[in-house]
Amino acid sequence: MAKILLIDDMKGVRRAISAVLKRAGHTVIEADDGGVGLQLLQSQRFDLVITDMLMPQHDGMEVLLFLEQLPDRPKVLAISGVSADEAFMLARSKADATLAKPFDNSDLVETIDRLLKVAA
């Protein structure tokens, strides 16, 4: 299965998403901020990055812009609780997929399966 980096500043959201992904057989590495996520991206290879767009210090846009520069970038799923937010609207053009919070576990798994099949 896939190695997934999950970046979200809300611990409860990370726990919930991580549990769903682990049940689906994926390896999940968590980061509570975009800055931590960027450090992990510089030291490890991931098949998929899930990033929240709105975080207090380093946000999802910084993560998307960093990933855009990688020659062999992983697939990217941008998530946000504010689907009309400017950052989330911009994410639609930079990420491979977007989901607005709250989303169903089935929508999450379906989106990830679709992204990983395209990557395979």
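First, some ground rules. This is a predicted model, where local features need pLDDT of at least 70 and side-chain atom pairs count only at pLDDT 80 or more, while totals for chains, interfaces and linings use all residues. Residues are numbered from 1 along each chain as its sequence is written, and side-chain values use heavy atoms, with hydrogens and water left out.

Let's start with the sheet. Five strands make an open sheet, ordered S2-S1-S3-S4-S5, with parallel pairing. Strands here are DSSP runs of E with at least two residues, helices are runs of H or I with at least four, and both are numbered from the N terminus. Two strands pair if DSSP finds at least two bridges between them. At the edges sit S2 (27–31) and S5 (97–100), each pairing on one side only. S1, residues 3–7, runs parallel to S2 and is joined to it by 5 bridges. In that pair, Leu-5 stands opposite Ile-29 of S2.

Now for the helices. H1, residues 11–23, lies across S1, S2, S3 (48–52) and S4 (75–80), and runs at about 165° to S2. That angle is taken between N-to-C directions on a scale from 0 to 180 degrees, using lines fitted to C-alpha atoms, for helices over the stretch in contact. Contact means heavy atoms within 4.5 Å.

Is Arg-14 buried or exposed? Arg-14 is buried, because its relative accessible area is 10%, and buried means under 20%, with exposed over 50% and partly exposed in between (1.4 Å probe, protein chains only). Beyond its neighbours within four places in sequence, Arg-14 touches Leu-6, Asp-8, Asp-9, Glu-30, Ala-31 and Asp-32.

Over in H3, residues 60–68, we find Leu-67. Leu-67 has a relative accessible area of 0%, so it counts as buried. Setting aside neighbours within four places in sequence, its contacts are Leu-41, Val-49, Arg-73, Pro-74 and Val-76.

That brings us to H2, residues 34–43, whose buried residues include Gly-35, Leu-38 and Leu-41. The buried residues of H2 pack against S1, S2, S3 and H3.
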